[in-house]
Structures are given as structure tokens and as C-alpha cells.
Amino acid sequence: ANLKEKFPELTTAVWMVNDTITNIAKGEIREIFFGPGFIEEEILGYKFQISPGSFFQTNSRQTAVLYQAAIDLAEITKEDTVLDLYCGAGTIGICASAHAGLVVGIELEAEAVASAVANAKINRIENCHFHAGAVRKILKEPQFDGVKFDPVFVDPPRAGLHPKALKRILEISPKRLIYISCNPSTFARDAADLVAGGYRFEKVTPFDMFPHTMHVELIARFDKI
């Protein structure tokens, strides 16, 4: 009640507890104080419901700039089947869907995938399909046998790409890979592995998502040699 009185613009408040030592921003215990338990954002004309368990960029205005730059860099066509790895609530895939023939999103967190499916329905998008599970496991399922993914978007956590996920990406061998990173050091590690795996490092652009801090987001494009 005090929060609502002091900040009348608040639409919901959720209390979460995480009693483990981890850098993951989610809680095992969750209680909704008031409101629906999610917030709504609009990015590039698309509406998104964001739950506490699904990843979403915190700087919404700059997120639109970031995602538009990533989509432009990918040069998507209607002939393309886009793969969106670490897709979270489906933001990148949904924003790219109008340019693509099909979008497949994969995310470890089941709650985030549920949000992605809901967001696709909210925006009346039918060419996006989202799957819950580890990247390295989902892509081995029979339904993806013979599917040519290109381009591939990756937006991993600060730890970067899991080695097995990177190995699977190299096996998929897309012509274009768009890497969105919030950690330049792990990006540099993965970039070296991608170059060693037969990719040319085409371009990198930094984005200031967190003003007055040392942190920077970046987008890079890798092309198959």
C-alpha cells in the first residue's frame, strides 16, 4: 500500500527470494504484492508481457536501437529460417519475424518460453516457434534434422556461449551469425573460437545500455568463410 501511494505509476510489485549463491536474477520463492505479476513493454511496435522469470533488457529505449541494429545487420529475407538462441521472452525473434520466413527460438527457462509464446499470440505472429531446453540438446531433436538455419542470433548471459552450444552452432554452419553480448571479455573468447571454426569477424558495434557505468552491450556479425 505504501509503495502504491508513493509511486502511483507502479502497475505491479513482486517479491522474490533466492537463497543460493548465483548471478542469476531470479528467485525460488515468489509472492505478488499487487497487480498481475508482470509488466508490459513496447519495442519496435511489438508489445511484450515480461514476468519476473524472463529476461528483458532494462533500458527499453536503447533496446529498440539495439534490436533494430541487430536485425539490420542480419540482412534477413523471407526465404530465411532464423534461429534465436537464448531467446528469453522472444523479443529479438518477434521483432525479426516480419522480415523472416520462420523464426525458431530456444531458451533454457521454461517460464521465459511461456512468455515468448504468449507474446507471439499478443502480437498475432504465427511464424515464431519457441522451445524450452538447453541449446545443445534441443537442436539435436529429429524435428530439426535437415533444417537450414540462417541467420542465427545469440544473446547469451554474461558467461557467454556454453562450449557445447558453440560446437553445435559450428555444426549448423549458418552463413551469418549475429552475436549480442553484455560481456566483452566472454565475447572475445567466443569470437576467437568462432574465427577458429571458420568464421570471419565482420563488424562490432558497442551500445551504451547502462549510462554512467563501466558496462557496455555490443553487437557483432560473423560470416562463414
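**Helix α7**

I looked up the buried residues of α7 and found Thr186, Phe187, Asp190, Ala191 and Leu194; buried means under 20% relative accessible area, exposed over 50%, and partly exposed in between, with a 1.4 Å probe and protein chains only. These residues cover an arc of only 140 degrees around the axis, so they sit on the same side of α7; the arc is taken from the directions from the helix axis to the C-beta atoms. I like the general rule here: an α-helix has 3.6 residues a turn, so residues three or four places apart point the same way. On the other side of α7, I noted Ser185 and Ala196 as exposed.

A note on the source: this is a predicted model, where local features need pLDDT of at least 70 and side-chain atom pairs count only at pLDDT 80 or more, while totals for chains, interfaces and linings use all residues. Residues are numbered from 1 along each chain as its sequence is written, and side-chain values use heavy atoms, with hydrogens and water left out.

I then checked partners: the buried residues of α7 pack against α6 (163-172), β9, β10 and β11, with contact meaning heavy atoms within 4.5 Å. Helices (H or I, at least four residues) and strands (E, at least two) are DSSP runs, numbered from the N terminus. Just after α7, Gly198 takes a positive phi of about 105 degrees.

**Ala220**

I followed β11 to Ala220, which lies in that strand. Ala220 is buried, at a relative accessible area of 0%. Leaving out residues up to four places away in sequence, Ala220 touches Phe187 among others, including Leu73, Ile178 and Phe201.

**Helix α2**

Leu73 took me to α2, whose buried residues also include Ser60, Thr63, Leu66, Tyr67 and Ala70. Seen down the axis, the buried residues of α2 fall within an arc of 160 degrees, so they line one face of the helix. Arg61 and Asp72 are exposed on the face turned away from that buried side. The buried residues of α2 pack against several elements, among them β3 (39-43), α3 (91-96) and β11 (217-224).

**Cavity**

What lies nearest the centre of the largest cavity? I found Tyr67, Tyr86, Cys87, Thr91 and Asp155 there, among ten lining residues. On a 1 Å grid over the protein atoms alone, a cavity is a set of points where a 1.4 Å probe fits but cannot get out, and lining residues have an atom within 4 Å of a point. The space in this largest cavity is about 60 Å³, the volume being that filled by probe spheres set on the points, which are joined across faces, edges and corners.

How values were computed: On a 1 Å grid over the protein atoms alone, a cavity is a set of points where a 1.4 Å probe fits but cannot get out, and a pocket is an open set with protein on both sides within 12 Å along at least five of seven lines; lining residues have an atom within 4 Å of a point.
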